[in-house]
Amino acid sequence: MLKKLLLLIPAVFIRLSLSGQIEVSMGEPLFPVLTSFYDIGIDQQQVEEWKLIDQPKNQPFRFAIPSALNLSPDNSGVTFYQDGETVWVIGLSSKGALSLNLQFEPFNLSQGSYVYVYDYQRRVIRGAFTSESAAGNKILPVLPVPGDSMIIECHFPGKSIPEGSIAISQASHDFLGFF
């Protein structure tokens, strides 16, 4: 009985963590050509040090180094109006990363708003994420996309982005190879 319980607990936690990954069919990514990317600030020496750490078996496996961010439509990226909606696009990069992932906080989208996250080569596209994707949590972690750069594309109906609706609070540099 104890073995079954020990197997069930991690499965429940995995299911809860993936509940933030609800994707819906809505709109399409624009695939703009970006010429500048925000570097999330992971030092290569730090990456090499993390690779050498012998990870304890009884702790969560760490494959990425997190970087705290505060990126929003007010302070970063490009915002433009097209076809009745306002779009915020930002590129993130971290030299040498095997994949990147991020967390939105706040994630408080209005009705009709949606977000895509994809790798620079546009092979892996996550989304569209909507207000239902965060299940009322106002935080949305997004699974990794391969490579050392990613594009975040946020669509809002109308001519403005509601204040406090979205920000990138963290991005992580994969140093071990999630994929």
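**Strand β4 and its surroundings**

Author: In β4, V89 is the bridge partner of V78. Strands here are DSSP runs of E with at least two residues, helices are runs of H or I with at least four residues, and both are numbered from the N terminus. The model is predicted, so local features need pLDDT of at least 70 and side-chain atom pairs count only at pLDDT 80 or more, while totals for chains, interfaces and linings use all residues. Residues are numbered from 1 along each chain as its sequence is written, and side-chain values use heavy atoms, with hydrogens and water left out.

Reader: How many bridges join strand β3 to β4, and how do the strands run?

Author: Two strands pair if DSSP finds at least two bridges between them. Strand β3 (residues 78–82) and β4 are joined by 5 bridges and run antiparallel. Their hairpin has 2 residues between the strands, and D83 takes a positive phi near 50° there.

Reader: Which strand runs parallel to β4?

Author: Strand β1 (residues 38–39) runs parallel to β4, with 2 bridges; D39 stands opposite S93 in β4. Strand β9 (residues 149–157) is joined to β4 by 9 bridges and runs antiparallel. Here I152 in β9 is the bridge partner of I90.

Reader: Is β4 (residues 85–93) mostly covered or exposed?

Author: A residue is buried under 20% relative accessible area, exposed over 50% and partly exposed in between, using a 1.4 Å probe and protein chains only. In β4 (residues 85–93), 9 of 9 residues are buried. One side holds E85, V87, V89, G91 and S93, the other T86, W88, I90 and L92, and all are buried. Across the chain of 179 residues, 40% are buried.

Reader: Where is F179 placed, and what is its relative accessible area?

Author: F179 lies in the segment after β10 (166–174). With a relative accessible area of 57%, F179 is exposed.

Reader: How many helices and strands has the chain?

Author: There are 2 helices and 10 strands, and along the sequence they follow the pattern α-β-α-β-β-β-β-β-β-β-β-β.

Reader: What pLDDT does the chain average?

Author: The pLDDT is the predictor's confidence in each residue, from 0 to 100. The chain averages 84, and 83% of the residues score at least 70. Over residues 1–19 the pLDDT is below 50, and this stretch has 2 contacts in the model beyond near neighbours in sequence. A contact means heavy atoms within 4.5 Å.
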